[in-house]
Amino acid sequence: MSETTSSERLPIELRTEALEQLLTERGLVDPSVMDKFIQTYETSVGPMNGAKVIAKAWTDPQYRERLLTEGTSAIAELGFKGPQGEHIVVVENTANIHNVVVCTLCSCYPWPVLGLPPSWYKDPAYRARVVREPRAVLTEMGLELPAETEIVVRDSCSEVRWLVLPERPEGTEDMSEEQLAGLVTRDAMVGVAKVKTP
Amino acid sequence: MVNRIADLGGTEGWGRTKVPTADEPVFAQKWEGRAFALTLLSMGRVSGRNLDAFRHALERLEHPEYFGDTYYGRWLNAAELMLVDSAILAPGAVEARVRKLRGEDVEEPPVPEPNKPDYAPTAAGSLRSVEDPPRFAVGDVVRAKDMQPEGHTRLPHYLRGQRGVVEMVQPAALLPDTHAHFLGENPQHVYTVRFDSRELWGADAEPFALTDDLFESYLEPVS
């Protein structure tokens, strides 16, 4: 790139195809391995994993305790581990305290429980502003918090990854763990939304 | 300051945040998935699958390469930079192949002799054990150093010189500042340090707390 002298910026789609060809020809990359990576993150590693963790914590007080004290191992109990999940700390959102997670330096995110980050999380506006005016940012994103709620922003600049345990919504006392998992959203587990009563 | 392009915390001029949508695809376009997988595999072709070196490569991109190709484009550009740094790819190889794909008559550069950094990880992943006990304990008042390193660091600008309180002691991990340059793992203790928004941004700031996970050498005691 630094050697590129032309003023024209080549389309990224073509650059991607070119790099894949170059590395495949030399046996440095196997396209079928690439397919597997893509498929894994499109289908089996995503916020549905985190939702299972949260639903279990809502219904099993002992699990909840383990999750809040030893997040990584409690999450691994459900089979979720892997890249970007070496050490996951789980923090609880309550009526009084609201945690919200960001990575200002890149887009660090707890992949095993949430999958790959959504576009708003990677967007410069979110990365720049949520550490400076989180209440304004959350309002823009559709979450109005009471004035008395204490906001705690979690900037993740090391390999520690953060997961929010959202508040269980009212009126869900009769729901099963599986039904509850269906309510939990990615945005609530990052802290830019609450889980809503169905 | 070589690493400012990625260090966005507190910077202005970005406009409104995007409103989340529930059904956003993991990869908006097919090439994004290819770029994602290519980047992960490329990192494994350079010594030690070095995530910090990848982050440093991201920081060394020019503005259009960082911001102009969206997230996975940025990844691909950083992967290409790492491959060229290690002479796994020749400079200009990707561009020449693109032109060939377009039907142009171009001569592609010969495959160079690889020159990979001399580094092999002492263990998988980034967590390490450290024999010395942590220098700081929960409740200690600390200050993030006001440092301006030439190379990679994970101490964001907006926290430099700021005072905070240790909230948690996290597992030790390899130090990105040296690891990113293949100059050693130098594992250190990591601390979750809590800051007050009004100390960071002034008396008129929204009141809130902010934490970041900071390496021991980024911090000094406040007596």
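Among contacts in chain B between residues at least 6 apart in sequence, what percentage join residues at least 24 apart? The share is 64%.

**Chain B**
- The secondary structure of chain B consists of seven helices and five strands.
- In sequence order, these elements of chain B follow the pattern α-α-α-α-α-β-β-α-β-α-β-β.
- The C-alpha trace of chain B spans about 70 × 45 × 35 Å along its principal axes.
- Of the 223 residues in chain B, 42% are buried.

**Contact between chains A and B**
- Chain A contributes 65 residues to the contact, and chain B contributes 67 residues.
- Elements of chain A that each give two or more residues to this side include helix H2 (31–44), helix H9 (134–140) and strand S3 (150–155).
- H1(A) supplies the largest share of the side of chain A that touches chain B, namely 11 residues.
- By residue type, that side of chain A comprises 33 nonpolar, 21 charged and 11 polar residues.
- S3(A) pairs in the parallel sense with strand S4 (residues 209–215) of chain B, over four bridges.
- Within S4(B), B:Leu210 is the bridge partner of A:Val153.

**Confidence in chain A**
- The average pLDDT of chain A is 95, and 96% of its residues score at least 70.
- Over residues 1–6 of chain A, pLDDT stays under 50.
- For residues 1–6 of chain A, the model has eight contacts beyond four places in sequence.
- Where pLDDT is low, the predicted coordinates should not be read in detail.

How values were computed
Residues numbered from 1 in each chain as written. Chains lettered and ligands numbered in written order. Predicted model: local features only at pLDDT ≥ 70, side-chain atom pairs only at ≥ 80, totals over all residues. pLDDT = per-residue confidence, 0-100. Contact = placed C-beta atoms within 7 Å. Nonpolar A, V, L, I, M, F, W, Y, C, P; charged D, E, K, R; others polar. Pairing = 2+ DSSP bridges. Buried ≥ 20, exposed ≤ 12 C-beta atoms within 10 Å, placed from the backbone.
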